[in-house]
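Trainee: I have a model open and want to learn how to read its packing. Where do we start?

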Amino acid sequence: MGQGGEPRRAQAYDGELGAAVARAQEGDEEAFAVAYRLAQPGLLGYVRGLVGEDAEDVASEAWLEIARDLGRFRGDGAGFRGWTATIARHRALDHLRRRRVRPQAATLEQDVLELPGPYSTHDQALESMTTERALDLVRRLPRDQAEAVLLRVVVGLDGPAAARVLGKRPGAVRTAAYRGLKRLARQLEEEARGGAGER
């Protein structure tokens with residue numbers, strides 16, 4: 001963790017993100033692409049933790065709203081991450097409500113076929129399994145703990161920013177993140193002991 005409890009990873013690019021957002025607000029499309037590249041990985045991880053396999057669709061909806069309302073945003077790089085997380089959270093909750101109301105359509109075989117990509121399938125599969133495994137563990141947490149962990153660790157927000165996204169007090173978010181991380185550690189220890197006993 002960096003100063004003030006904020007992850008170092010987030011601090012390292014907040015200046016660049018803030019500058020890109022400011023240029024994008026002036027109409028610089030390349031700067032918007034930079035802001036997207038810097039914010040999207042954390043945002044997608046957060047949304048994936050909330051909605052699972054539909055995360056890319058929900059994140060795309062969020063980015064449409066972000067692009068539309070970019071002129072209204074006021075703040076720096078860290079503020080932009082919080083603002084985008086709030087928008088993504090609203091789109092994710094809307095998606096979850098719609099999913100409860102509407103039956104799921106059957107996936108067509110053609111829809112799941114993809115053209116080969118430029119990256120190693122093996123490496124992509126390992127990375128995907130690791131990420132999906134971690135997000136699966138987070139999804140098992142109580143909702144308040146899961147969201148606090150996702151916002152603090154995946155998106156990289158500090159306590160007050162995560163609290164604004166969730167509409168809670170910073171202390172409540174810090175406590176939920178702490179409890180969630182402790183619970184994740186216990187789950188991993190239990191799985192490690194179970195796996196060692198099977199050998």
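This is a predicted model: local features need pLDDT of at least 70, side-chain atom pairs count only at pLDDT 80 or more; totals for chains, interfaces and linings use all residues.

Trainee: How many helices and strands are in the chain?

Mentor: Helices (H or I, at least four residues) and strands (E, at least two) are DSSP runs, numbered from the N terminus. Here there are nine helices and zero strands. The pattern along the sequence is α-α-α-α-α-α-α-α-α.

Trainee: What share of the chain's residues count as buried?

Mentor: Buried means under 20% relative accessible area, exposed over 50%, partly exposed in between (1.4 Å probe, protein chains only). Of 199 residues, 40% count as buried. The chain exposes about 12,400 Å², and carbon and sulfur atoms supply 52% of that area. Areas come from the Shrake-Rupley method with a 1.4 Å probe; for residues, only the protein chains shown count as cover.

Trainee: How do I describe two packed helices?

Mentor: Give the angle between their axes and the distance between the axes. Axes are lines fitted to C-alpha atoms, for helices over the stretch in contact, and angles run from 0 to 180 degrees between N-to-C directions. Take α2 and α4: their axes are 10 Å apart, at an angle of about 35°. Their crossing is right-handed. A crossing is left-handed if the near helix is turned anticlockwise from the far one by less than a right angle, and right-handed if clockwise.

Trainee: Which residues of α2 and α4 meet?

Mentor: Contact means heavy atoms within 4.5 Å. From α2, the residues include A35, L43, Y46 and V51; from α4, they include F80, A85, A92 and R99. The contact divides into 12 nonpolar, two polar and two charged residues. Ala, Val, Leu, Ile, Met, Phe, Trp, Tyr, Cys and Pro count as nonpolar, Asp, Glu, Lys and Arg as charged, and the others, Gly among them, as polar.

Trainee: At what angle do α4 and α7 cross?

Mentor: Helix α4 (residues 77-101) and helix α7 (residues 143-155) cross at roughly 140°, with axes coming within 12 Å. This crossing is right-handed. R81, A85, R89, L93 and L96 in α4 meet R143, E147, L151 and V155 in α7. That contact holds five nonpolar, no polar and four charged residues.

Trainee: What tends to happen to nonpolar side chains?

Mentor: In soluble globular proteins, they tend to be buried together. A nonpolar core is a set of buried Ala, Val, Leu, Ile, Met, Phe, Trp, Tyr and Cys residues joined through side-chain atoms within 4.5 Å. The largest core here has 50 residues; Y46, V51, F80, A85, L151 and L157 touch the most other members. α2 gives the most to this core, with 10 residues. Beyond four places in sequence, V51 contacts V58, A92, H95, L96 and R99.

Trainee: Is R91 buried or exposed?

Mentor: R91 counts as buried because its relative accessible area is 17%. R91 sits in helix α4. Leaving out residues up to four places away, R91 touches V58, E61, A62 and E65.

Trainee: And what about E191?

Mentor: E191 is in helix α9. At 35% relative accessibility, E191 is partly exposed. Not counting residues up to four places away, E191 touches R133, L137 and R140.

Note on methods. Residues are numbered from 1 along each chain as its sequence is written. Side-chain values use heavy atoms; hydrogens and water are left out.
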